[in-house]
Structure formats: structure tokens, C-alpha cells
Amino acid sequence: MFSTSMARRLSLAVLGLGGLAASVAAGPPTKTGPTPPQKGVGINIANIDPSVKPCEDFFHYASGNWLKNNPIPDAQSSWGAFNELIDRNQFTLRTILTNAAANSAKAAKGTNAQKVGDFYGSAMDSVAIDAAGLKYLKPHLDRIMAINSLADEQKFLADPKAHAGNVWLSSGVGQDEKISTQYAVYLNQGGLSLPDRDYYLKDDARSKKIRDAYQTYQVNIFKMLGDDQATAEKNAAAVTRIETRLAKASKSRVDLRDPYANYNKMTLAEANAAFPNLALSQTLQGQGLSAAKEVIVGQPDYLKEVSAAMQQEPIADQKQYLRWHLVSSLTSALPKAYGDEAFKYSQALSGAKKQQPRWKRSLGSTDRALGEAFGQLYVDKAFSPAAKAKAKEMIENLRKAYAERIMATDWMSAGTKKEALTKLNAFVVKIGYPDKWKDYSTLNVSRESYLNNLIAAQEWANKDEVRKFGKPIDRGEWGMTPPTVNAYYNPPMNEIVFPAGILQPPFYDPKADDAVNYGGIGAVIGHEMTHGFDDQGRQYDAKGNLRDWWTKEDADKFNAKAAMVGKQYDAFSPLDSVHVNGKLTMGENLADLGGLTIAYQAFMKTPQAKAHVKIDGFTPEQRFFLGYAQIWRTNIRPEAVRQQVQTDPHSPGQFRTNGPLMNMPEFYQAFGCQDGNKMMRPTTDRSKIW
């Protein structure tokens with residue numbers, strides 16, 4: 001029941017980021033004679049599709065040729081600039097891990113080198129995994145099958161060495177969102193296998209198809225565990241029935257975005273009375289949290305339903321629910337047939353044609369388990385001090401630009417502006433990698449069993465989280481590993497974080513001009529800063545506390561402006577009958593618009609912007625917007641689009657490109673857009689917040 005998924009409940013806002021001059025050139029001017037060689041760096045002119053007018057569809061103008069020439073690889077559900085960089089990173093990481101695995105026997109036992117090498121080596125040893133069969137899984141299955149009563153199950157769930165994957169709820173230790181100087185125990189909804197509650201509840205054809213694939217997956221796994229056909233079908237039906245019950249009690253992803261509604265502090269006595277069958281006192285004691293006298297409950301109605309289900313559902317069915325979650329969480333460490341079944345099911349969700357190669361899956365697993373151990377080796381190879389220094393300089397430039405925009409707003413009162421500036425100036429900045437690395441000394445890893453290593457890593461992560469309770473906040477902790485191609489804002493820490501993995505082309509290129517870098521990593525930096533002031537982040541103050549620091553009038557004006565953005569994105573349709581959910585994607589859309597606005601203002605202070613010299617026939621302003629658009633170039637399968645729209649707070653890449661630009665007069669001017677162009681919204685329909 002207790003899991004570190006809570007620690008990453010994120011809190012983190014993740015990137016996963018008038019009258020106009022008609023005479024402004026919309027790209028390289030038409031020339032006679034040979035085309036001069038490209039002078040610029042960072043923007044690939046060959047990616048541009050000149051048959052598309054930039055003021056009609058900038059996404060396809062900026063990257064249309066790339067989209068045509070880069071089909072999605074069979075093992076991917078989408079393919080874009082992020083994927084290309086991730087791929088490059090993975091080849092660097094593969095070399096590190098392959099060498100570590102080859103030399104782990106020579107490494108001193110207990111060192112990071114030994115642990116990383118043996119973890120990756122055991123993950124790659126498919127022969128040993130197949131030969132072991134269910135040998136290493138059986139003791140865990142036996143513990144579940146020995147449960148004969150609710151009391152037995154409560155005892156099982158309270159044991160930190162009992163494993164059943166993601167069951168019943170999500171729980172863990174994290175910052176108290178209203179007292180950000182201390183840790184608290186959180187309890188939240190969880191326990192589902194499908195990606196979202198709506199997959200259980202909707203009756204459209206796609207949802208039914210996914211449920212059918214899920215049913216087939218369950219039945220086949222239960223049969224491989226030894227059940228006959230009838231028993232496997234009965235057990236799968238029991239699991240689905242329990243999960244559907246939990247889905248009906250779960251809040252929607254939109255409702256989960258309200259931090260106040262999802263913060264319900266209770267004394268332990270109150271929680272025990274409200275949710276008697278969770279045996280919280282027993283569980284907290286078993287997990288080493290007996291000192292906790294309060295818990296913060298995200299969704300009380302959900303936990304009431306879990307408590308009722310644990311009392312009402314037959315224990316035999318609950319055991320199958322636990323059994324299913326255990327096995328489905330470990331298919332990568334079981335014989336090949338288990339992984340094959342998991343992939344067949346995932347195809348219904350993602351549309352991928354082939355499974356990722358084993359080395360990529362093993363690399364990802366090692367990163368999740370020991371990311372800071374081999375991350376140290378990664379930054380030595382792939383991250384320069386110069387990149388860190390440049391990122392820091394750009395962050396401070398954007399901070400100044402943001403302060404200017406806050407002061408220039410005509411809708412925010414002086415008192416709220418003062419609080420906003422205090423928060424902006426209090427942003428903690430983390431770049432590249434942690435100052436202090438995680439200590440894995442208590443994690444035991446061997447070459448014997450990948451499954452045992454996975455479970456050991458989970459136990460270590462749980463202990464690492466639980467040990468924080470009662471101690472000062474660890475402000476040096478990172479929520480992502482150094483190679484990660486992403487960035488985030490963490491409201492309770494009031495911090496913006498940029499791993500080494502993203503500080504590379506196309507986001508940041510030391511050889512490129514400022515226009516490209518401000519359109520790339522500058523917009524990413526501005527995006528994360530804006531999360532501090534989006535519809536969720538704005539509800540936290542400079543110290544990271546969930547506190548209303550806005551006047552009611554200012555908050556009403558902000559909400560009206562945000563609602564306009566939501567309406568804009570509701571109208572975007574990536575597929576027939578599929579629309580972006582403007583409420584679900586609100587925070588990310590506001591961050592994209594704000595981030596690009598702030599990055600542009602900061603860029604306009606650079607010598608390049610002031611000199612106004614063209615490169616490759618493009619003005620500095622045009623290169624800025626092209627730099628932004630080309631980082632969002634993405635091809636995506638229809639299945640993946642549908643899943644993204646239903647579950648992801650980020651809009652599809654084409655709308656992350658066009659959406660913000662359709663609100664920016666600076667873009668219209670740069671490309672000479674006119675009234676009637678698709679990219680140019682009427683003045684009354686434009687959103688301007690910062």
C-alpha cells in the first residue's frame with residue numbers, strides 16, 4: 001500500500017514546455033543564381049516546408065519537411081526533437097552501462113560501479129531470466145496466496161517487505177503543502193492498472209477496445225501463472241470489477257488539479273474512524289512512521305470506498321487483485337512470454353509496432369533505480385561547465401524580464417505585484433545535477449536475479465522516502481536524474497530544475513545564435529518560471545506554502561484570462577472528434593504562452609536582437625520563433641494522440657507550437673501576418689497575461 005509514487009505525485013510541473021508590417025520577410029528572400037551556403041547554426045533550414053505559409057500554420061511551416069522525412073520508428077508511439085535527443089543520450093548511457101556491466105566483477109563490492117553494472121547486467125540477461133522462470137517471484141506470490149482474512153491482508157500491506165505493486169491507493173512522505181518546512185504523510189487515490197479512470201467508465205469504441213485488450217492480457221498472464229482458462233477468466237473479471245469500483249470513486253484528472261480540494265489534513269484518529277479497514281496505525285508503524293499523528297488525505301471519498309471494498313469484496317478476489325498487480329509490475333523481470341503479453345496490451349494504448357529493444361528497457365529501469373549513481377558518469381561525459389554557466393546567465397536574464405512583465409501588467413494590483421516579485425526572486429535554480437548525490441550504500445544489488453534487484457530497489461526507495469519524516473526538508477533533492485530530457489517546477493520548493501540531459505541541442509546549442517537558444521532553452525526556462533504563476537502554481541507563495549496571496553479582484557481577472565486560454569485549446573482538434581481538454585492542459589498551456597513571452601522579452605535585450613542582422617535570410621525575431629517551433633516537431637500515432645488528450649496535461653506538439661504564437665503580436669509582426677490569416681487571432685480573442 002505504501003509507495004514512493006506519492007513522492008512523485010508531482011507537485012512537479014513538468015515540461016514533457018494590431019497593425020503589422022506586411023513588408024517583413026517570411027523566410028529567406030527569393031534569389032536568382034546559386035543559394036549561398038547556410039551561415040546559421042541551430043535551425044535546420046531543410047526542415048522548413050516553404051509550401052506552407054507561416055501565418056497559416058507555423059508548426060508545419062517550421063518543421064513540415066522534417067515531419068515528412070521522419071516517420072515514426074516501429075518501436076515508438078511518437079517521434080520528435082525530444083526523442084532524437086533522448087536517443088543520443090541513450091547511446092552515451094549505453095556505453096557507460098555496458099562498460100559497468102562488463103567490469104562489475106572487478107569493482108569493489110558495494111560501490112556504485114558494482115551496483116550499476118550488476119543491475120544493468122541482470123536486466124540484460126534474458127537467458128538467466130527465462131531459465132529462472134517464476135523461481136524468484138514464487139515467494140511473493142505465496143505470501144499473497146496465504147492471505148485468508150482482512151486481518152491477514154492488513155498485516156501484509158503494513159509490511160515494507162511485502163510486495164504487490166500499485167494496490168488500493170498511493171501513499172508516501174512529501175512536503176506539507178501548507179507548511180512547506182516539514183514533511184507529512186500523504187494518502188491519495190491509486191490502485192488502477194489502466195492509465196485513467198475513464199478507460200473503465202466510457203463506452204466509446206476505443207475504450208471498449210482497450211478494455212478488451214486488457215482482459216486478454218489478464219487472462220493470458222493468469223494462465224501462464226498456472227490457472228486454467230475458466231479460472232483465469234474468473235480471476236480477470238474479479239480484478240476488473242474491483243478496479244472499476246475504484247475508478248468510479250476516483251476524481252477526474254481535471255479535479256485533481258485543485259490543490260485545496262486535494263488537501264485534507266486529518267488526525268490519525270480521524271482517519272482511522274473514516275477509513276477503518278485501511279488499518280492506518282498498523283501500516284504506519286510497519287513502515288517506520290509511528291511518529292506520524294496526522295495524515296493529509298487527497299481524496300477522502302475515494303479512501304472511504306477503498307475501506308468499504310476491503311470489507312465487502314471477497315478475500316479470494318482481493319487476493320487476485322494483489323496477485324495481478326504484483327505480476328504486472330514485474331513482467332520485465334519474468335520470462336519473455338510475460339513481457340510479450342504486456343507489450344501486446346500496450347499496443348492498444350500507444351500504437352507502437354515493435355517492442356523497445358531490451359537494452360533501452362534495461363537502461364530505463366537502471367535510471368529509475370540508480371539514476372544518480374551512473375548519472376555522475378554521464379555528466380562527466382556529456383555536460384560542460386560552459387553549458388551550466390550559460391543556462392544560469394539566461395535564467396537570470398529571464399528573471400529580470402519576468403519582473404518587468406509583472407510590473408507592466410495593467411490588471412494586477414500593487415500588493416499582488418509585490419508578492420509576485422517576492423516569489424519570482426525567491427525561485428531556487430538547479431542546473432545539471434545535484435550538489436549532493438544519493439547514497440545507495442544500503443541497497444544490495446547482485447547479478448543473480450533481476451527481479452530481486454527490482455524489488456530491492458523499490459524497498460530502498462521506500463526507506464529513503466520514509467527516513468525523511470521528522471527531519472528538515474532536503475532542499476538539495478532532485479525529482480529527475482541528470483540524463484533526463486525534461487525540466488520541472490516544484491511548487492512547495494519554489495524551485496525550477498533543469499537536468500543536464502535537456503541542456504543540449506536542439507534546446508541549447510553553444511554554437512547557435514542567441515535567437516535560437518532563447519527560442520529553445522529560453523522558452524523552456526520561461527515555461528518553468530511561469531508554472532510558478534499558472535492556475536495551480538500561483539496558489540503557492542514564495543516559501544512554497546499553499547496560501548492565497550492574491551486579492552480577490554486580481555484572482556478573478558487572472559481566472560478570466562486563463563479561461564480564455566482554456567477556450568482556445570478546447571477548440572483544437574488533432575483528430576476527427578478528438579479535442580484537446582483546455583482544463584486538463586491549462587497549466588501547461590499557460591506556461592507555454594508565458595514562457596515564450598518572457599523568453600522573447602529577454603531575447604530582445606541581446607546584441608543580436610538589437611543589431612537586427614539576418615542569418616540564412618531570417619531576421620533575429622524569425623529565428624527566435626523558428627527555434628521555438630522546431631523543438632516541438634513531432635509525429636505521433638493516432639492511438640498515442642488519443643491517450644495523450646485523455647491523460648496528459650500537455651497539449652500535442654502542433655498546438656504547443658501554434659497555440660502560444662496565435663496570441664503573440666510579436667509573432668505576427670515577425671512574419672508579416674495579416675487579418676484573416678489562420679495564425680492571427682482577432683484582437684478580442686487574444687490572451688495576454690504577462
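The paragraphs below lead through a predicted model, beginning with a nonpolar core, passing to a pair of helices and ending at one asparagine.

The largest nonpolar core has 182 residues, and those with the most contacts inside it are Phe58, Trp168, Leu322, Phe625, Phe667 and Phe671. To this core, helix α21 gives the most, with nine residues. As a general background, nonpolar side chains tend to be buried together in soluble globular proteins.

Helix α21, which covers residues 586–603, packs against helix α23, which covers residues 620–631, at an angle of about 150°, and the axes of the two helices lie 11 Å apart. The crossing in which α21 passes α23 is right-handed. On the α21 side, the residues that meet the partner helix are Asp592, Leu596, Ala599, Tyr600 and Phe603, while α23 brings Pro620, Glu621, Phe624, Phe625 and Tyr628 to the contact. Sorted by kind, the residues of this contact comprise eight nonpolar and two charged ones, with no polar residue among them.

The side chain of Asn677 reaches the backbone nitrogen of Gln674 at 2.5 Å, and, when residues up to four places away in sequence are not counted, Asn677 touches Cys55 and Glu56.

Key: Residues are numbered from 1 along each chain as its sequence is written. This is a predicted model: local features need pLDDT of at least 70, side-chain atom pairs count only at pLDDT 80 or more; totals for chains, interfaces and linings use all residues. Side-chain values use heavy atoms; hydrogens and water are left out. A polar contact is a pair of N or O atoms within 3.5 Å; within protein, one must be able to donate a hydrogen and the other to accept it, and residues adjacent in sequence count only if both atoms are side-chain atoms. Contact means heavy atoms within 4.5 Å. Axes are lines fitted to C-alpha atoms, for helices over the stretch in contact, and angles run from 0 to 180 degrees between N-to-C directions. Helices (H or I, at least four residues) and strands (E, at least two) are DSSP runs, numbered from the N terminus. A crossing is left-handed if the near helix is turned anticlockwise from the far one by less than a right angle, and right-handed if clockwise. Ala, Val, Leu, Ile, Met, Phe, Trp, Tyr, Cys and Pro count as nonpolar, Asp, Glu, Lys and Arg as charged, and the others, Gly among them, as polar. A nonpolar core is a set of buried Ala, Val, Leu, Ile, Met, Phe, Trp, Tyr and Cys residues joined through side-chain atoms within 4.5 Å. Buried means under 20% relative accessible area, exposed over 50%, partly exposed in between (1.4 Å probe, protein chains only).
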